[in-house]
Amino acid sequence: MTWHEVLRTQLADALAEAGPDAPTLCEGWRSQHLAAHIILRENNAVVGLGLVVPALAGHTEQATDDLAATGTSEGGYRDLVSRVATSPAPWHPLAWAGEAANVIEFFVHTEDVRRGAGPVPARELDAALVEALWAQLPRFASLRARRAGVGLVVVRPDGVRRRLRGGSRGHGTVVVRGEVGELLLWISGRGAAADVHVEGAPDDVESLTQVLPVG
């Protein structure tokens, strides 16, 4: 199995364990909303575009709410989770771009479910999965960190480090340390639930954490 298939199963399992109406780290979303998001992302091209095209965001939000509403009962929620566990239709781009499109998506959303009700022990990740997440981190982080203007270096517990961007004029570099999964949660905007440590000049740290807060 590929990593995105493994992570899809883990996400479906986390949703099933949480049950309907469980809190998540996604503001305003309960577990059934997150399940609906995954299903629509993979099966509705217009809704998928609404995730990146502001003009379609309202349509995407309404479709997510409507589908989530079908998961308030035990049976309805079980159906949503079953659909999350099923790969998208063969015609859909996400069916053939699984690793690039879904590894981080599924990992982060699984943590959204696991940590939605408060702190939980971090999962012990397979070393190969850690490397897969680490390899995709620069692409995922580039746009999110750009607005801060500072240089950004991330460092794993084993000492391996990666410069994600250089600083703009007048800014230094901030170093953020943590497990790879925690770094991804922080970069994805879930810093309040991530275990990371930020180092740098106070002004640079402030610039970065205004864009990407930490807990």
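1. Strand S1 and strand S3 (residues 173-177) run parallel and are joined by five bridges. Within this pairing, Val 153 has Val 175 as its bridge partner in S3. Two strands are taken to pair if DSSP finds at least two bridges between them; helices (H or I, at least four residues) and strands (E, at least two) are DSSP runs, numbered from the N terminus.

2. On the basis of the model: this is a predicted model, in which local features need pLDDT of at least 70 and side-chain atom pairs count only at pLDDT 80 or more, while totals for chains, interfaces and linings use all residues. Residues are numbered from 1 along each chain as its sequence is written, and side-chain values use heavy atoms, with hydrogens and water left out.

3. S1 also pairs with strand S2 (residues 161-165), here in the antiparallel sense and over four bridges. Val 153 stands opposite Arg 163 of S2, and Val 154 has Arg 162 as its bridge partner. Five residues lie between the strands of this hairpin, where Gly 159 takes a positive phi near 90°.

4. Is S1 (residues 151-155) mostly covered or mostly open? Five of its five residues are buried, that is, under 20% relative accessible area, as against exposed at over 50% and partly exposed in between (1.4 Å probe, protein chains only). Both faces are covered: Gly 151, Val 153 and Val 155 are buried on one side, and Leu 152 and Val 154 on the other.

5. Helix H10 (residues 202-211) has Asp 204, Val 205, Ser 207, Leu 208 and Val 211 among its residues, and these are buried. They lie on the same side of H10 because they cover an arc of only 160° around the axis, the arc being that of the directions from the helix axis to the C-beta atoms. The face turned away from this buried side carries the exposed residues Pro 202, Asp 203 and Gln 210.

6. The buried residues of H10 pack against S1 and S3, and also against helix H8 (127-146), helix H9 (180-187) and strand S4 (197-199). Contact means heavy atoms within 4.5 Å.

7. Glu 111 belongs to helix H7 (residues 98-114). Why does Glu 111 count as buried? Its relative accessibility is 1%. Leaving aside neighbours within four places in sequence, Glu 111 is in contact with Leu 25, Gly 116, Arg 123 and Leu 185.
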